[in-house]
Amino acid sequence: MRLIFLVSLTMVAFAANSILGRLAIGGGYMEATSFGLLRLFSGAVTLIALCMFSGLSLRRDLRQTLWGAAALSIYIVGFSVAYQDLDAGLGALILFGVVQVSMFLWGSFRGSSVSRGQIGGAGIALVGLAVVVWPGDGASAAPLGASLLMALGGLGWAAYSLLGRGARTPLAATAVNFAGATLMMVPGVLLFGGDIVVTGTGGLLAVLSGAVTSGLGYALWYHVLPKLLPAVAATVQLSVPVIAILAGAALLGEVIAVPLVIGSAAVLGGIAVVVLSAPGRRTAARSKTVAER
């Protein structure tokens, strides 16, 4: 029960990033790039403090740090700027769908064993993303530019996840990457941030997103991750867009339209098929059945 509670709390924290971002940026409380910068900075401070408290070394390979920080910066910029126009739930769905599908496609490109079920699931997920972005009604269509920006953020997060797969101490690696991305974001904010708007409410929301739902959320995720099977860890993340959609409707008054429901079901169902159809998972299941017999 304790593990279930901690995993649920982590998923809520991840979904809350979309709610906080949409509320701060879409509500005009803070300019997008400034929100991203403050989120990164407060996240870096929190993660570094956690590493120091845990006795983890922050020494990292410079090349790995630069690549990781660059990928993280792309995610933050795409995420933040997209939430000027996207609803929280829709943004979370696009982000999550692009991350999962792109990581699957990258693994396939690198020669990982792929089943027919996985190919079909990825196709279903891509069709679902097309449905939510182009629902066929011009009045209710999602903003294409913002959708593409969120997709770019998803590609950045997928690249960041792939780069960090081999990290021995993921919490320390994330802390250093957050610090590096903060430095990378400063020139961008000064050059492309436009009229910088930072209100007290916007600053508070950015710090909550960086220090609590990102910093503490990632720390909690790395704590529970070793206790979960890979397939379970991947599947449980299907709840994040659902939580964001429901929270966006309840807290921000966002409309849950029929195309969003259909597209969400296709995206999440397709990704579930990809996860559950993994060749290694089926082999492990058959081995377990043989052993039990």
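Is L208 buried, exposed or partly exposed? L208 is partly exposed, because its relative accessible area is 33%, where buried means under 20%, exposed over 50% and partly exposed in between (1.4 Å probe, protein chains only). This is a predicted model, in which local features need pLDDT of at least 70, side-chain atom pairs count only at pLDDT 80 or more, and totals for chains, interfaces and linings use all residues. Residues are numbered from 1 along each chain as its sequence is written, and side-chain values use heavy atoms, with hydrogens and water left out.

**Aromatic residues**
- The structure holds nine aromatic pairs, counted when ring centres of Phe, Tyr and Trp (its six-membered ring) lie within 6.5 Å; planes under 30 degrees apart are stacked, over 60 edge-to-face and the rest tilted.
- The pair of F14 and Y218 is tilted, because the planes stand at 55°, with the ring centres 5.6 Å apart.
- This pair links distant parts of the chain, with F14 in helix α1 (residues 2-26) and Y218 in helix α8, 204 residues apart; helices (H or I, at least four residues) are DSSP runs numbered from the N terminus.
- F14 counts as buried at 15% relative accessibility, and Y218 counts as buried at 7%.
- One aromatic cluster is formed by F14, Y75, F79, Y83, W157, Y160, F178, Y218 and W221.

**A buried serine**
- S34 lies in helix α2 (residues 32-54) and counts as buried, with 7% relative accessibility.
- Leaving aside residues up to four places away in sequence, S34 touches V189, I196 and V198, contact meaning heavy atoms within 4.5 Å.

Methods:
Helices (H or I, at least four residues) and strands (E, at least two) are DSSP runs, numbered from the N terminus.
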